[in-house]
Amino acid sequence: MKQINLNNLFSKKERNFSDDEIFDIAVVGAGVVGCAIFKEFCQNGAKTVLVEKANDILDGASKGNSSILHTGFDAPPESLELECVKNGHEEYLKLKDKLKLPYLNTEALVVAWSDEQLGKLDAILKKGFSNGVSELEIISGSAVLKREQNLSKNAKGAIVVKGESLIDLWTAPLAYVKLGVENGGKLAFSHEVQGGNFNGDYWELETSNKTIKAKTVINAAGLFGDIVEQIKGDVDFKIIPRKGQFIIFDQSAYNLINSIILPVPTKITKGVVVTKTPFGNILVGPTAEDQESRIESITKSETLKMLQNKAFEILPALKNHKIIATFAGLRPASDKAHYRVKINEEKNWITAGGIRSTGLTSALGLAQHIFKLNDTKYDKKEQDSKLKITNITEFAPRDYQSSGYEKIVCHCEHVTKREIENALTDEVGAGNLDGLKRRTRATMGRCQGFNCLSAIAEICENVKSK
Ligand SMILES: Cc1cc2nc3c(=O)[nH]c(=O)nc-3n(C[C@H](O)[C@H](O)[C@H](O)COP(=O)(O)OP(=O)(O)OC[C@H]3O[C@@H](n4cnc5c(N)ncnc54)[C@H](O)[C@@H]3O)c2cc1C
């Protein structure tokens with residue numbers, strides 16, 4: 001039987017700028033942090049290029065996380081992380097109103113399962129207040145069970161965190177990139193930055209494709225941040241990838257909880273979270289395991305079993321629902337707990353590294369912080385956005401619920417032919433099968449692509465040959 005490499009069916013992204021172009025800014029890395037920085041600089045009039053080694057956005061840490069838009073109630077006090085989480089949260093709320101981005105205000109419950117944990121709630125509440133998060137309240141065990149009828153009856157009490165909510169980890173960064181492109185930004189995908197030279201005026205970044213020239217470089221290379229930093233010369237941090245394994249329960253479990261169920265953290269770990277996903281499932285995880293490899297993200301059966309037991313302990317009704325998928329994400333943690341963000345003014349180089357476990361929330365705030373650090377005025381021409389963002393979450397109507405979509409291609413996830421074609425032909429179109437999944441949900445359901453892959457391949461071939 002002939003083997004088809006599905007990724008060959010995707011168009012190669014061509015650069016649409018000349019080799020002589022000197023950009024104001026080159027952002028290295030199209031994770032959620034790089035995408036947000038790209039948007040911020042483009043909207044403020046800087047000639048900006050987003051340089052990414054993969055053929056699409058979100059190839060590193062940002063491809064798999066818990067989708068929580070944090071409030072910062074438990075962030076390190078007086079830290080840059082806290083400032084960026086709060087500003088990023090606020091910015092996201094503004095942007096979601098403008099662009100109709102997915103958002104579900106579930107609220108979170110920090111649940112105490114023992115008297116010892118109950119005794120810790122006061123301190124968590126006080127920390128939250130001093131972090132400037134005011135909408136926090138302690139409720140009794142019976143009040144917890146009134147809100148969450150399927151939770152274990154062992155709940156002793158909880159803190160309600162009003163602003164904790166869910167967003168779409170994939171659509172948000174895609175929207176940031178599209179806003180950047182709408183404001184004149186350029187994309188250089190399949191360009192791995194491998195070296196560079198600063199001539200006093202601008203950087204010449206050597207990539208696996210062509211040289212890119214930019215007056216200032218912003219290193220947002222996530223799990224590879226310390227390696228890209230070597231191009232500048234001195235490196236004062238080391239990335240220590242921290243793996244987080246997850247299990248995902250079938251869509252039949254989606255309505256078992258209303259809020260994000262958070263544990264009382266210990267000194268060592270934030271603990272296991274039980275939450276809805278944007279795509280109609282229940283997610284349980286993540287673990288926190290330091291490792292050497294920046295790419296290996298295999299799951300381990302004993303860890304998954306531990307997560308399953310924990311899930312059954314917290315939400316016993318999950319025993320009646322199937323686990324349909326497991327995955328692991330890698331956090332770009334570093335040898336210090338805080339963000340590694342700074343500017344080197346002599347070398348026109350800004351580092352946005354070590355954005356460990358809150359980057360989805362903080363990205364827009366971090367982008368504003370970095371724009372201020374750069375302290376350069378550009379000729380701002382931001383226009384009202386005409387972008388239409390496709391909703392793929394369960395938080396708002398989907399394409400299959402409107403007319404004219406022709407047919408459903410992925411039946412597990414109700415993905416239409418029109419959605420797949422749009423995701424392929426869009427200006428920031430999918431560069432590979434994972435990218436298509438992240439724009440449409442195709443192949444991520446119960447059958448994991450078994451039933452729809454050949455139909456998807458046919459659509460890809462048709463689009464490519466046009
Ligand atoms: C298990 C888990 C759960 C999480 N849950 C949440 C949550 O609920 N809420 C929240 O706010 N945050 C959460 N996070 C944190 C969040 O996902 C990260 O903070 C964020 O993804 C970091 O993004 P980044 O852009 O810094 O890095 P990355 O996503 O790793 O992006 C870096 C990019 O740089 C590219 N790159 C690397 N080297 C080069 C090179 N030489 N040339 C060109 N390109 C290069 C990579 O391909 C990659 O695309 C979670 C993280 C994990 C792992």
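Lys 215 is partly exposed in this predicted model, because its relative accessibility is 38%, between the 20% and 50% limits. Its salt-bridge partner is Asp 24, with N and O 3.4 Å apart. Since Asp 24 lies in strand 1 (residues 22–28) and Lys 215 in strand 11 (residues 212–219), the pair ties together parts that are 191 residues apart in sequence. Asp 24 counts as buried, at 13% relative accessibility.

Salt bridges in the model come to 27. Side chains of opposite charge can pair when their charged atoms come close.

| Pair | N to O distance | Relative accessibility of the Lys |
|---|---|---|
| Asp 24 and Lys 215 | 3.4 Å | Lys 215, 38% |
| Lys 310 and Glu 313 | 3.5 Å | Lys 310, 31% |
| Lys 417 and Glu 421 | 3.3 Å | Lys 417, 16% |

Two of these pairs sit within a helix. Lys 310 and Glu 313 are three residues apart in helix 8 (residues 301–314), so about one helical turn separates them. Lys 417 and Glu 421 are four residues apart in helix 10, which again means a separation of about one helical turn. Lys 417 is buried at 16%, whereas Glu 421 is partly exposed at 25%. Elsewhere, salt bridges link Glu 394, Arg 398, Glu 413 and Arg 441 in a network.

Helix 10 (417–425) also takes part in covering helix 12: what covers the buried residues of helix 12 includes strand 20 (408–410), helix 10 and helix 11 (433–440). The buried residues in helix 12 are Ile 456, Ala 457, Ile 459, Cys 460 and Val 463. Viewed down the helix axis, the buried residues fall within an arc of 165°, so they line one face of helix 12. Ser 454, Glu 458 and Ser 465 are exposed on the other side. As for length, helix 12 has 13 residues (453–465) and should span 18 Å at 1.5 Å a residue; its end C-alpha atoms are 18 Å apart, which agrees.

Asn 281 counts as buried because its relative accessibility is 4%, under the 20% limit. A polar atom of the Asn 281 side chain lies 3.1 Å from the backbone oxygen of Phe 249. Leaving aside residues up to four places away in sequence, Asn 281 touches Ile 248, Phe 249, Asp 250, Gln 251, Tyr 254, Thr 275, Lys 276 and Ile 324.

Terms used: Residues numbered from 1 in each chain as written. Predicted model: local features only at pLDDT ≥ 70, side-chain atom pairs only at ≥ 80, totals over all residues. Heavy atoms only, no water. Helix = DSSP H or I, 4+ residues; strand = E, 2+ residues; numbered from the N terminus. Expected span 1.5 Å × (residues − 1). Buried < 20%, exposed > 50% of the residue type's maximum accessible area, 1.4 Å probe, protein only. Arc of directions from axis to C-beta. Contact = heavy atoms within 4.5 Å. Polar contact = N/O pair within 3.5 Å; in protein donor to acceptor, adjacent residues only side chain to side chain. Salt bridge = Lys/Arg side-chain N within 4 Å of Asp/Glu carboxyl O.
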